[in-house]
Amino acid sequence: MTRSRHTAFSTGAAALTLALGVALAEPAYAGEQPSNTEGSNTEQSGGSDGTGIYAAARITYSGSVAKSGSPGNVTSSDVNWTPPPCWYAPYLGAEDFKKEMSKDIEGQMDAPGMGGHAGAALSELQRHYEDEYGWTDTPGYKDYNVDKDGEGMFWAAVENPDEPDLLKRNSCNDLPFWVDNGEAPPPQYEEAITPEILAALAYQHMQLPDTEVSLAPEETTKVNLPTWAWLDKTVFDEVQATAAINAPGFALQATTTAKPVSLKLEPGTDDAVTYPASGECTINADGSIGEPYAEGKADQNPPCGIEYLRSSGNGAYDLQATITWEIAWTGTGDTGGDLPDGAFGNDQEIVVQEIQSVNR
């Protein structure tokens, strides 16, 4: 046969439902809330939730990652960049795959009203795994490859549970395919798991530290009085998150590193000026940002800070301090590269009073 695997896959609704039914869902996973200095380990468990079969091999996360499998707090600077919505990963060995797939096929064939195109699609699917019925770039299998059990695994689609677009999440819609141990997946499966995909997932789950900017004066300042802002190196350091997957004959990992590079100050009002004028304070040679206020500097403009020109009245201004992080990754096989810069910010309330004074 010379039909494409996508054509065969969409021949009938029954085959589509079956293939999606065995796609790998991403179960929840637990871990302690990490900081930038204390790593954590989060691991996805196996089992079934009644809608599909979980893989034997799961992605595990460690380092500075969000707890309970939720996305981290990093916002990409590139609005066009998104984590992978789905991918293909090791699924089941030949014997286990035969048991699950043949059971599902037979169950759907026995369903009331299963005929016409849907029934024909199921028959093609059965022949594909039992009788070497194949399509372009996709050879068929004899008896589910059970004679090669232990020599490889069937791979299947995994949906990213944090992808809000259902169509994107379901876009990895090829049927499960065989990969020999130690071999790369066939090149037509462009979404097969790679270190770069793992790096992107580590990025998605990365948890950057909540860092409050030091201010002088603190919390309450005066109109026309420069407020100094800074971050010490000891609370402002790089963080790492690692994603890994391990299966018989197949293991990959990638570590994503976020390095702080600048601090952006937004006063929360137009009636203010920032130092520098751009409001972006770059990192110093020693890894800190800005400069702590010291006695005798009252007449100087801070290298990083804000000067409010109007009182906040009975309320307060929301000073937003956003840190930009440079993101890079390294992975299995000496792979690596850059990912879009990330950003994470905190709001701090600043009360500004009319009474003018000087720092002492």
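## Disulfide Cys86–Cys172

The link between Cys86 and Cys172 is right-handed, with 80° about the S-S bond. It bridges distant parts of the chain, 86 residues apart: Cys86 belongs to strand 5 (residues 86-92), while Cys172 sits in the loop between helix 5 (166-169) and strand 7. The model is predicted. In it, the S to S distance of Cys86 and Cys172 is 2.1 Å.

Cys86 has 3% relative accessibility and Cys172 has 5%. Because buried means under 20% relative accessible area, Cys86 counts as buried, and Cys172 is buried as well.

## Disulfide Cys281–Cys304

A search of the whole structure gives 2 disulfides. Cys281 and Cys304 form a disulfide with sulfur atoms 2.1 Å apart. The link of Cys281 and Cys304 is right-handed, at 90° about the S-S bond.

Cys281 is buried at 3% relative accessible area, and Cys304 is buried at 0%. With the bonded cysteines numbered in sequence order, the pairing reads 1-2, 3-4.

## Second largest cavity

The structure has 5 cavities of 30 Å³ or more. The second largest cavity has a volume of about 50 Å³. Its lining includes Pro90, Trp155, Asp180, Glu183 and Phe250.

Strand 6 (152-159) and strand 7 (177-180) each supply at least two lining residues; strand 6 gives the most, with 3. By class, the lining residues of this cavity are 6 nonpolar, 4 polar and 2 charged.

Notes. Residues numbered from 1 in each chain as written. Predicted model: local features only at pLDDT ≥ 70, side-chain atom pairs only at ≥ 80, totals over all residues. Heavy atoms only, no water. 1 Å grid on protein atoms, 1.4 Å probe; cavity = no way out; pocket = protein on both sides within 12 Å on 5 of 7 lines; lining within 4 Å. Points joined across faces, edges and corners; volume = space filled by probe spheres on them. Helix = DSSP H or I, 4+ residues; strand = E, 2+ residues; numbered from the N terminus. Nonpolar A, V, L, I, M, F, W, Y, C, P; charged D, E, K, R; others polar. Disulfide = S-S within 2.5 Å. Buried < 20%, exposed > 50% of the residue type's maximum accessible area, 1.4 Å probe, protein only.
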